Amino acid sequence: MSHTATAQPLAGYKVIDLTTFLSGPFCTQVLGDLGAEVVKIEAPEGDSSRSIPPHFVGEDSAYYLSINRNKSSLAVNLKTAEGLDLVRQLILKADVVVENYRPGVAARLGLDPQALCEEHPGLVWASISGFGQTGPDRDKPAYDMIVQALSGVMSLTGEEGRPAVRLGIPAGDTVAGLYAAIAINAALADRERTGKGRIVDVAMLDCQLAMLSYQSAYALIAGVTPAPQGAKHDSIPTYRSFRGGDGRELVVTANTERMWQGLCRVLGLESLLDDECFQTGASRLKNKHALWEQLESAFATQAAAHWIPLLEEHGVPVALIQSVPEALAHARDSERSMILALQNEDHSIEVVGNPIKFVGAEATPSRFPPRKGEDDARVLGEWLSLSAEAVSSLQSKGVLLNSTCSQA
């Protein structure tokens, strides 16, 4: 293994981040975690996610802090000709631009993707929107729950006979951010061969449809309408949650014959192994309600935690359903560096870290999410060779945020 291995394979790539709220910032945080230099272009009032209640660290919300590490902030007024020209100059120095405006908005602002890519042929421009840059719905607004609803995801979430439920995580946004990051990396790899960049069009709704996985195949191939899943599986009746005698829930994923046998032995239900109603996966699925009744009764005889080591000993995958604080505490003890401590001169916080690990490479310390406009002078000096006096002049004219005054 080479001693020069790095956990930052995108080091040296420059990214202009024109995004706000969640899908775009999540994408650019992934790029920043991988080593890219990400410059977050904000309006003087800042990314709207900075003010989302109820939790704050200083002036910035916990929401904002969760998705903006490893970035720099440039607060510029795009409504001024000089501000727009500054951003155009920065884009012409960049490798990647990421934006999540509605289709056509970037061009109306004076940052037309096609024109900029013609001027800078190696540029990779990634647009994240609700419904894509083409199609009859392109101009409609979209947020996480909108695409969860339209994609069928909400129809699969919750219990049968009850109202649909939004996923507890913002998958509509974060999955789009992940697909955009994948596309950007693919476009950069292609640029290494061709010298040409790409314009990437990622729609939140498309991404949610892709995540339907086998449920979409069941609908397309078998012509069925998948029902709400609750905490169970459409195809494997021993892949679901159960409640222990103490009221605590656990999940079991006994999806092979060996696991099925282990489950029965642990629960004292060996008689089921000889019952023709449960001999095969297909017969167990056909008779799932009768099977569940026996499994539920058995699990209820002991506290949920009682079953964990016994099932593990028999090779049956099992886990307690943990709260978010419990899951984070477990992650802190997992030696996977999934809880990061971030610090600036004023605050110390913890956030969930980068799940991508490179074998043989040491992790690089992460940067605290930037204050609004805190990197104006450095970024403009390094990227465009502007002097401190020139930056100060732009601040005095309202082209740039006077970050010193704003943070006072």
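Axes are lines fitted to C-alpha atoms, for helices over the stretch in contact, and angles run from 0 to 180 degrees between N-to-C directions. Helices (H or I, at least four residues) and strands (E, at least two) are DSSP runs, numbered from the N terminus. The model is predicted: local features need pLDDT of at least 70, side-chain atom pairs count only at pLDDT 80 or more, and totals for chains, interfaces and linings use all residues. Residues are numbered from 1 along each chain as its sequence is written, and side-chain values use heavy atoms, with hydrogens and water left out.

Helix α3 (residues 81–93) packs against helix α16 (residues 376–384) at an angle of about 55°. Their axes lie 10 Å apart. The angle makes α3 oblique to α16; angles under 35 degrees count as roughly parallel, over 145 as roughly antiparallel, 65 to 115 as roughly perpendicular and the rest as oblique. In contact (heavy atoms within 4.5 Å), L86, Q89, L90 and K93 of α3 meet V379, L380, W383 and L384 of α16. By class, this contact has six nonpolar residues, one polar and one charged. Here Ala, Val, Leu, Ile, Met, Phe, Trp, Tyr, Cys and Pro count as nonpolar, Asp, Glu, Lys and Arg as charged, and the others, Gly among them, as polar.

Six strands form an open sheet in the order β5-β2-β1-β6-β7-β8, with parallel pairing. Two strands pair if DSSP finds at least two bridges between them. β5 (72–75) and β8 (199–203) stand at the edges with a single partner strand each, so one side of each lacks a neighbour in the sheet. Neighbouring strands are turned by 20° against each other on average, direction ignored. Within the sheet, four bridges join β6 (residues 96–99) to the parallel strand β7 (residues 124–129). V96 stands opposite V124 in β7.

Both helices also meet the sheet. α3 lies across β1, β2, β5, β6 and β7, and runs at about 145° to β1. α16 touches β1, β2 and β5, and its direction makes about 95° with that of β5.

Backbone geometry was examined next. Most residues other than glycine have a negative phi, and most peptide bonds are trans. The bond from P53 to P54 is cis, with omega near 10°. P54 lies in the loop between β2 (37–42) and β3 (56–57). F21, in the loop between β1 (14–17) and α1 (23–33), has a positive phi near 70°. S337, in the loop between α15 (324–332) and β12 (339–343), has a positive phi near 55°.
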